[in-house]
Amino acid sequence: MIPAKLHQCLYLIKGNCKMSTQQATVTTTTTTTTKPYFDPSYLRTIPGILKIVQLVLCVVVFICVVAQKYKYYEASKADFVEFVTIVGFIVTLVLLILYLFHIVGYFYKIPWYLIEFIYCAIWALFFLISVIIMAIAAANYSRYRRNYRLPYGGFAAASFFSFFAMIAYGIDAFFKFRAWRNGEKPQIIAQQVSSRTTTATTVNA
């Protein structure tokens, strides 16, 4: 009789036992932010080298035009080339600084590659125009030289170096277009990583 009563008591105790479950959720967020810093290694990359070449060629073409004597005979052509070189130098220099200090990483949502592609494509076209009009100006001065002795070396040199500037901007436009089409982002330095962990603990009461 005693074992039967003991078995019955155990059955009742087991039936009256309630199971409680506690769940603990832990959320971990890791944020990594880098301040702007000078990174000279960018100058050894293809985009960095292209920007340096563009800056040098803008300066060279500008000097060639400014050094041309009696350029007022072709003032409109000279003014256009000076505008192209000055604006091209300023914009390219600003972009170079932004990349050197990784500032573009803080504004990675801006379509930098698309903007640069449009800019480089337009300036490649402008330098193509510069090649043509400087060659025409040099040819005109060459004809005038017989009677008026007008030098044309500055315009000829400007046309020559404008050709290489056109190539530099054209190559840069090609790389920027390909990067934009592939959905690449330049220098993302601010990243946030979140992880969610759920732990379930079962306690018998």
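## Terms and model

A crossing is left-handed if the near helix is turned anticlockwise from the far one by less than a right angle, and right-handed if clockwise. This is a predicted model, in which local features need pLDDT of at least 70 and side-chain atom pairs count only at pLDDT 80 or more, while totals for chains, interfaces and linings use all residues. Residues are numbered from 1 along each chain as its sequence is written, and side-chain values use heavy atoms, without hydrogens or water.

## Overall fold

The protein has five helices and two strands. Both are DSSP runs, numbered from the N terminus: helices are H or I with at least four residues, strands E with at least two. From the N terminus, the order is α-β-α-α-α-α-β. Of the 205 residues, 30% count as buried (under 20% relative accessible area; exposed is over 50%, partly exposed in between; 1.4 Å probe, protein chains only).

## Helix H2

Helix H2 covers residues 46-67. Its 22 residues should span 32 Å at 1.5 Å a residue, and its end C-alpha atoms are 31 Å apart, which agrees. The expected span is 1.5 Å times one less than the number of residues. Buried residues of H2 include Leu 50, Leu 57 and Cys 64.

## H2 against H3

The axes of H2 and helix H3 (residues 75-100) come within 9 Å and cross at roughly 155°. Axes are lines fitted to C-alpha atoms, for helices over the stretch in contact, with angles from 0 to 180 degrees between N-to-C directions. H2 and H3 are therefore roughly antiparallel (over 145 degrees). Their crossing is left-handed.

Terms used:
Parallel < 35°, antiparallel > 145°, perpendicular 65-115°, else oblique.
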